[in-house]
Amino acid sequence: MTGNLFEYGIYLALLVALAIPLSLYINKVMAGERTVLSRVLVPVENAICCCIGIDKAEDMGWKRYLASALVFSAVCLVGLFALLLLQGVLPLNPEKLPGLPVDLAFNTAASFVTNTNWQAYSGESTLSYFSQAFGLTVQNFATPAVGLAVLFALFRGLVSEGGEGLGNFFVDVSRAILFIFIPLALVATMVNVWQGSPQNIDEYQTVQLLEPVGVNAEGEVVSANDPSAVETIDQAVVPMGPQASQVAIKQLGTNGGGFNGANSASALENPTPLTNLVQCLSMLLVPMACVFSFGRFVMDRRQGRAIFAAMFILLIGALAAIAFFEQAGTPQLAAGGQVYMGFDGQSGGNMEGKETRFGVTDSSLWAAFTTAASNGSVNAMHDSFTPLGGMVPIVLISLGEVVFGGVGCGLYGMLGFVILTVFIAGLMVGRTPEYLGKKIGPKEMRMAVILCITTPLLILAGAAIMSLDPATVASLGNPGAHGFSEVLYAAVSAGGNNGSAFAGFNANTPLINTVLALEMLANRFIPLAAACALAGGFARRRTVATSAGTLSTSNGLFVFLLVLMVVLIGALTMLPALALGPVAEQLTMAL
């Protein structure tokens, strides 16, 4: 137990230690100040702006900024959709994989353009190298850059003194990609290659198995000597391709989509303890740095620290809950000492669906990080977690991905909760509803409410529609309460732009692909539009002097109220659905 806690502490301490200096660098980049990379990258930035006809000095109002973000994303969506449909006739396709069906291509394009990376397929058997590298990986750079750009537009609105301008969307995106994500991804890619991840365009390799296996008539893997075996397999196909580079940006950009179906449980994507450490830290590095960037940008680091404290409390609580439930297992596992439940010498507890090289400790840590961020990559199968252990990731996503969350979108979602908390707390004690010296009016409140409730409403709508479709029942890997949990997790993952899954659920049907795609698009762009409108509203307001009637938004009481507000909204909206799924399953096991 002590060793597990020590490992959790090391991961969290490293994350904070890296995020603080990165926050200073991010602020300099987004302000256009000189950095160590300026001599090399500023000419590239200027060339990009020149080629697409962008005036770097243009200061966009919120409507133009929003329109630019929507047009940019629409072009990305159409381009990726077309690329996936035409995959069969495009180059870098040594396995001769055909183009995707229309519904799957639409679902995948929507998924990667919204920073969700939900995958209703296995990448190594469905997508060519061209689709992986020039389709998905390009979006893995573009989508976090869009989120970061909109976040800084909101920052500028909060500090503006009666102006209209929020910056230039295309300049912000260019700087985020060139100065932040490409350098970080290069470092992570080199670590991955060094540790053994493939980075090539070779054909898939066929290798001899150390021990042959058999397959029976039902398609189940059995011993090669088993009398029921109808076929013996002594070879395996090892996927090649540009995996190391895609894995690097999928983590740093809170994207999460795997090159392989097993995602980061695959030894090709995540071969060693070092890559597991680097990738796990990468998931929350930029979102956490954004929180510290906020405090620096508004010239009051206490504001950033208060939001960080609220997020960190929620993260620690989720991590502790997952680790406890997975280590404790279920009554059936613990009965009669049939399964080792201890810590000494090897990982005990619920080891189903987990890599023995990671065990409960690293699997729980990854599950908490990937669902706190809108990442969605996995190094263990969430479908095999205990009912309550699997419920915690559902809750983390359902809160709106505001526990650090995705790059940019996580923090502007949390700022919606901050504004809502300020307003409600102000009403209770008779204080003026204002934030950072800006009065909170009706428009700001409407936008804040949209930021807070869009995710849970879309999740419940998506789950309801899929539950009404008879084809959904045939797609379930399990009956009863766990089967409903699989459907709920799919709706939660798409509605929260996360992308992880209870993998027993076959989501690759026309209706489910379409429903989840629309859910992903709505949850990405409705809050994004609300954040831009919120930025515009605050930008027009002048800062007023702090008075005795101003509610403090940087003390411990406010942190408590903020955490309470996030949890209450999540609990009130999701509790009935959770009661039908993981809670019901847990109660059934206890009987």
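This is a predicted model: local features need pLDDT of at least 70, side-chain atom pairs count only at pLDDT 80 or more; totals for chains, interfaces and linings use all residues.

User: How many residues does the largest nonpolar core have, and which have the most contacts inside it?

Analyst: In soluble globular proteins, nonpolar side chains tend to be buried together. In this structure the largest nonpolar core has 162 residues, and those with the most contacts inside it are Leu148, Phe181, Ile307, Phe369 and Leu411. Helix 18, which spans residues 510-540, gives the most to this core, namely 16 residues.

User: What does Phe181 touch, once residues up to four places away in sequence are not counted?

Analyst: The partners of Phe181 are Phe141, Pro144, Ala145, Leu148, Ala176, Ile249, Leu252, Gly253, Val286 and Val407.

User: Where does Phe179 lie, and is it buried or exposed?

Analyst: Phe179 lies in helix 7. Its relative accessible area is 5%, so Phe179 is buried, the cut-off being under 20%. Beyond its neighbours within four places in sequence, Phe179 is in contact with Tyr25, Val29, Thr35, Leu37, Ser38, Leu41, Val42 and Glu45.

User: How many aromatic pairs are found, and why is the pair of Tyr65 and Phe169 edge-to-face?

Analyst: A search of the whole structure finds 15 aromatic pairs. The ring centres of Tyr65 and Phe169 are 5.6 Å apart and their planes stand at 85°; planes over 60 degrees apart count as edge-to-face, so this pair falls in that class. The pair links distant parts of the chain, with Tyr65 in helix 3 (residues 62-85) and Phe169 in helix 7 (residues 169-195), 104 residues apart. Phe169 also forms an edge-to-face pair with Phe170, at 5.2 Å centre to centre and 80° between the planes. Tyr65 is buried at 0% relative accessibility, and Phe169 is likewise buried at 0%. One aromatic cluster is formed by Tyr65, Phe72, Phe169 and Phe170.

User: How many cavities of 30 Å³ or more are found, and which residues are closest to the centre of the largest?

Analyst: The search finds one such cavity, and the largest cavity has a volume of about 170 Å³. Its lining has 14 residues, and Gly400, Cys409, Thr455, Asn523 and Pro527 are the closest to its centre. Helix 14 (409-429), helix 15 (442-468) and helix 18 each give two or more residues to that lining. By class, the lining residues are five nonpolar, seven polar and two charged.

User: What of the largest pocket: how many residues line it?

Analyst: The largest pocket holds about 450 Å³ of space and is lined by 32 residues, with Gln119, Tyr121, Gly261, Ala501 and Ala503 nearest its centre. This lining has 12 nonpolar and 20 polar residues, and no charged ones.

User: Finally, where are Met299 and Leu436 found, and what is the phi of Met299 and of Leu436?

Analyst: Met299 is not a glycine, yet has a positive phi of about 65°. Met299 lies in the loop between helix 9 (273-297) and helix 10 (301-328), and at 74% relative accessibility it counts as exposed. Leu436, also not a glycine, has a positive phi of about 55°. Leu436 is found in the loop between strand 4 (434-435) and strand 5 (438-439), and at 23% relative accessibility Leu436 counts as partly exposed.

Key
Residues are numbered from 1 along each chain as its sequence is written. Side-chain values use heavy atoms; hydrogens and water are left out. A nonpolar core is a set of buried Ala, Val, Leu, Ile, Met, Phe, Trp, Tyr and Cys residues joined through side-chain atoms within 4.5 Å. Buried means under 20% relative accessible area, exposed over 50%, partly exposed in between (1.4 Å probe, protein chains only). Helices (H or I, at least four residues) and strands (E, at least two) are DSSP runs, numbered from the N terminus. Contact means heavy atoms within 4.5 Å. On a 1 Å grid over the protein atoms alone, a cavity is a set of points where a 1.4 Å probe fits but cannot get out, and a pocket is an open set with protein on both sides within 12 Å along at least five of seven lines; lining residues have an atom within 4 Å of a point. Grid points are joined across faces, edges and corners, and a volume is the space filled by probe spheres set on the points. Ala, Val, Leu, Ile, Met, Phe, Trp, Tyr, Cys and Pro count as nonpolar, Asp, Glu, Lys and Arg as charged, and the others, Gly among them, as polar. Rings of Phe, Tyr and Trp (its six-membered ring) pair if their centres lie within 6.5 Å; planes under 30 degrees apart count as stacked, over 60 as edge-to-face and the rest as tilted.
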